[in-house]
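Let's take a walk through this model together, moving from charged pairs to backbone details and then to the core. Keep the 3D view open as you read.

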Amino acid sequence: MRTQWRHLLGNHPLKRTSKISSLNHIRPCFYSSLTNSTIVSSNPSVSWPQSMNVLIGLFSESDSRASKGVKTEFSHQVSILKDELLKHHNDTQTVHKLLRDLGSPLFSSYIDGSALIELLKQIYKFPVLALEVFNWRRKHANFTFPISREEYAKGIRVAGQAKNMDFAIELFTEAINNQCKTSVTYNALMASYMVNGLVDKCQSLFREFKKDQSCIPNIVTYNILISVFGRLMLIDHMEATLQEIYNSRLIPNVYTFNNLITGYVTAWMWDRMENTYLIMKQQAAEPDVGTYKLMVRGYAHAGNLKKMEEMYELLKQHSDEDNIQLIKAMICAYCKSSCVKKIEKIDSLLNLILEEEYSSWLIVSLIRVYAREKLLDRMEAIMNVAFDKKVAVTSVDIMREIISVYYHHNIVDKLNSFVKRAESAEWILCRSLYHCKMVMYSSERRLEEMENVLEEMEKFGINSRTKKSLVILCIAYSTWGPKCKLEQLVALMLKLGYDIHWEKMPL
């Protein structure tokens with residue numbers, strides 16, 4: 001019954017009355033119980049989530065104490081330990097001492113495991129340290145209370161984040177043996193398989209999960225599957241998983257839709273991306289900051305600048321944070337567009353990021369757009385950045401765009417300087433670079449320098465005796481002399497078998 005979802009994506013009306021029929025049979029009380037469910041969050045700043053960010057969404061699923069009005073004090077207590085651990089994260093002995101002196105009383109005060117879970121959440125950017133902390137909690141003998149189900153799930157996710165899947169599987173097995181197997185532990189191992197690229201094992205575990213009579217898949221489970229299929233661009237499988245959500249009488253949440261949108265963006269299916277967003281708005285899954293970031297990125301890749309700008313304005317209403325990767329994607333969209341004010345808009349966005357944060361592809365895109373607009377100073381400024389960062393241009397078309405700027409401004413000395421730097425920096429070289437120098441030297445009657453260009457060409461393996469090269473010389477000698485060189489050149493061209501169109505030669 002995937003046709004239901006396909007129909008919605010292909011023919012979605014903009015009326016508020018449009019609903020997915022599967023939702024009509026779901027009771028409100030069931031929905032309210034699901035709104036507190038935890039989901040797998042994807043990082044909207046990239047095409048698909050980084051492993052660390054995928055796990056963050058799962059990390060928040062059991063912070064029960066923080067949700068009871070004591071979050072500030074609770075987080076502060078954990079932050080004190082976190083700060084000390086980060087100062088000494090490379091010193092295992094000091095880490096163990098800190099855990100013994102500060103961690104032991106803290107963990108003992110929260111026997112539900114929430115203190116350890118909050119600590120692991122705060123040090124998620126240091127997966128090796130997080131794994132060391134969990135292992136210490138697991139092996140320490142002073143605790144009289146066992147590891148909770150939520151702690152096992154967190155440990156599995158930490159192991160996956162640290163790319164230690166053998167340990168993640170060991171913890172999963174240990175949780176089963178200690179009667180701590182739940183949907184959360186299954187989801188944790190599935191997510192760990194996913195972020196480590198073990199797609200087959202993730203799907204195999206899901207099939208095992210469905211056969212388990214002691215627990216059933218929840219919306220988190222299906223969100224993980226949608227994420228897996230989306231990153232592989234298996235759109236049919238992704239939509240079939242959505243249909244299975246409805247068949248299981250579950251309700252998609254914001255992360256379900258975000259993962260769907262990300263899948264469509266990855267597959268460049270812009271209509272389905274947009275229609276999924278419209279369906280999302282009409283249901284209880286209100287778009288979040290992640291949704292807006294995904295839509296901005298999608299419209300940027302699609303080249304739909306108007307909607308990209310509209311979505312960016314919505315994003316700014318919900319978040320003050322400047323997402324560097326998103327800004328780069330928008331700059332790239334303007335670079336590829338024919339927008340009249342694109343340079344003004346590009347410069348405005350460039351003010352939001354530091355030069356140190358320029359990526360290679362962004363630098364090359366900027367070189368090309370400034371070259372096309374014949375903006376010599378800006379083009380040379382960004383080329384200096386490229387040379388400093390050792391970013392090489394590998395496109396002949398872009399090199400031709402660059403030399404056209406020097407030709408347009410008639411500054412052969414700057415062109416010569418650029419060519420020498422490009423040669424040293426191992427940028428791609430083409431015959432057009434040298435022909436342009438020859439023509440420009442000829443126009444200024446600098447014939448000796450023009451002739452030297454032929455030697456440069458041979459030095460870099462470019463044949464200097466092509467017909468076009470010799471024609472440039474012929475035109476120069478016929479204009480400025482000497483006549484003897486012109487006669488020698490004509491004889492050489494005839495010897496090489498080149499046709500000479502005398503009517504086109506200013507003899």
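Buried means under 20% relative accessible area, exposed means over 50%, and partly exposed is in between, using a 1.4 Å probe and protein chains only. This is a predicted model, in which local features need pLDDT of at least 70 and side-chain atom pairs count only at pLDDT 80 or more, while totals for chains, interfaces and linings use all residues. Residues are numbered from 1 along each chain as its sequence is written, and side-chain values use heavy atoms, with hydrogens and water left out.

Let's start with the charged pairs. A salt bridge here is a side-chain nitrogen of Lys or Arg within 4 Å of a carboxyl oxygen of Asp or Glu, and searching the whole structure turns up 21 salt bridges. One of them joins the side chains of Arg272 and Glu239, at 2.6 Å from N to O. Arg272 belongs to helix α15 (residues 270–282) and Glu239 to helix α13 (residues 235–247), so this pair ties together parts that are 33 residues apart in sequence. Helices (H or I, at least four residues) and strands (E, at least two) are DSSP runs, numbered from the N terminus. Glu239 is buried, with a relative accessible area of 0%.

Next, look at Arg372 and Glu401, a salt bridge whose closest N and O atoms are 3.0 Å apart. Because Arg372 sits in helix α20 (residues 360–372) and Glu401 in helix α22 (residues 396–409), the pair ties together parts 29 residues apart in sequence. Arg372 is partly exposed, at 40% relative accessible area.

Lys485 is in helix α27 (residues 483–495) and Glu451 in helix α25 (residues 447–459), so parts that are 34 residues apart in sequence are tied together. Both partners count as partly exposed: Lys485 has 31% relative accessibility, and Glu451 has 22%. Salt bridges can also share partners, and in this way Asp413, Glu444, Arg446 and Glu449 are joined into one network.

Now find Ser442 in helix α24 (residues 431–443). Is Ser442 buried or exposed? At 9% relative accessibility, Ser442 counts as buried. Leaving aside neighbours within four places in sequence, Ser442 is in contact (heavy atoms within 4.5 Å) with Met450, Ala476 and Trp480.

The backbone deserves a look too. Most residues other than glycine have a negative phi, and most peptide bonds are trans. The bond from Gly481 to Pro482, however, is cis, with omega near -5 degrees, and Pro482 lies in the loop between α26 (467–480) and α27. Met233 has a positive phi, near 60 degrees, in the loop between α12 (219–231) and α13, and is partly exposed at 46% relative accessible area. Asn410 also has a positive phi, near 55 degrees; Asn410 is found in the loop between α22 and α23 (412–424) and counts as partly exposed at 45% relative accessibility.

Finally, turn to the interior. A nonpolar core is a set of buried Ala, Val, Leu, Ile, Met, Phe, Trp, Tyr and Cys residues joined through side-chain atoms within 4.5 Å. The largest one has 147 residues, and those with the most contacts inside it are Ile331, Leu366, Ile367, Ile402, Phe418 and Trp427. Beyond its neighbours within four places in sequence, Ile367 is in contact with residues including Met379, Ile382, Val393, Ile402 and Trp427.
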